[in-house]
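Hi everyone, thanks for coming. Let's take a look at one protein together, and I'll walk you through its charged pairs.

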Amino acid sequence: MGYLNNSSITIDAILTKKGRELLARGRDEFKITQFALADDEIDYDLYNPEHPNGSAFYGAAIENMPILEALPDETQMMKYKLVTLPKGIARIPVVSVAQNAISLQANQTTIIRPDTVNFSGGNRQFGYTIILSDSDVASIRVTQGLGRAGSRATAPQFIGDNEAAQSITLTGTEFEIIAKEQYDTDATATIIVIGNETGGRAVIDLTVKKLDVATVSNQGNIESAL
């Protein structure tokens with residue numbers, strides 16, 4: 001990660017794997033139809049209405065802050081997206097989930113139904129993006145999508161402890177988490193739910209318990225291997 005020179009207006013874009021694929025095809029297949037803005041690097045506590053040089057300098061410290069370089073990691077960048085809300089909205093929409101922590105046994109499932117509070121109808125048009133940090137811990141299935149069975153989002157995949165343990169990213173309005181078998185120890189992962197319209201997010205800690213495997217001893221007794 002680096003910093004951009006904020007003495008001039010700069011657009012620093014990094015294409016996802018899908019974006020590079022479309023750009024390589026040519027024939028006008030690469031078309032930007034949507035974009036989002038965020039203010040992750042801005043510290044609004046630096047706004048100083050008591051600046052001795054007057055109102056023109058109230059935001060001087062903020063305007064001179066370095067701008068973060070683009071990073072294609074949706075879990076780290078653009079956490080605080082800017083949104084346009086209808087007039088009369090007095091509160092910021094908040095993405096809400098029923099669980100802030102989930103503990104499952106192997107092959108158990110649970111449903112995540114995100115909701116948006118403080119904004120009636122929020123995220124109903126474009127739904128939510130869900131990111132599971134480690135595909136070795138669990139899998140995700142979209143149970144309610146946007147007029148279809150959900151879709152795979154364009155966020156890049158990231159490698160976990162081994163090459164197979166990649167993150168999983170899907171879009172929809174309701175999701176099923178299916179725990180995978182863990183033989184060595186309890187496994188943990190993080191689930192991030194992001195509102196595609198409001199930009200809010202919720203984080204869920206996922207734990208999948210080690211599998212309790214039954215074995216047979218030399219005497220023919222059934223033992224439990226923990």
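First, a term: a residue is buried under 20% relative accessible area, exposed over 50%, and partly exposed in between, using a 1.4 Å probe and counting protein chains only. Asp 186 is partly exposed, with a relative accessible area of 36%. Please keep in mind that this is a predicted model, where local features need pLDDT of at least 70, side-chain atom pairs count only at pLDDT 80 or more, and totals for chains, interfaces and linings use all residues. Residues are numbered from 1 along each chain as its sequence is written, and side-chain values use heavy atoms, leaving out hydrogens and water.

Now, how many salt bridges does the structure hold? There are five, where a salt bridge is a side-chain nitrogen of Lys or Arg within 4 Å of a carboxyl oxygen of Asp or Glu. Side chains of opposite charge can pair when their charged atoms come close.

Asp 186 pairs with Lys 209 in one of them, at 3.7 Å from N to O. This pair links distant parts of the chain, 23 residues apart. Lys 209 is partly exposed too, at 31% relative accessibility.

Next, find Arg 25. Its salt bridge with Glu 21 has the closest N and O atoms 2.6 Å apart, and the one with Glu 29 has them 2.9 Å apart. Together, Glu 21, Arg 25 and Glu 29 are linked in a network. Arg 25 is partly exposed, with 38% relative accessibility, and Glu 29 is partly exposed at 29%.

Notes. Helices (H or I, at least four residues) and strands (E, at least two) are DSSP runs, numbered from the N terminus.
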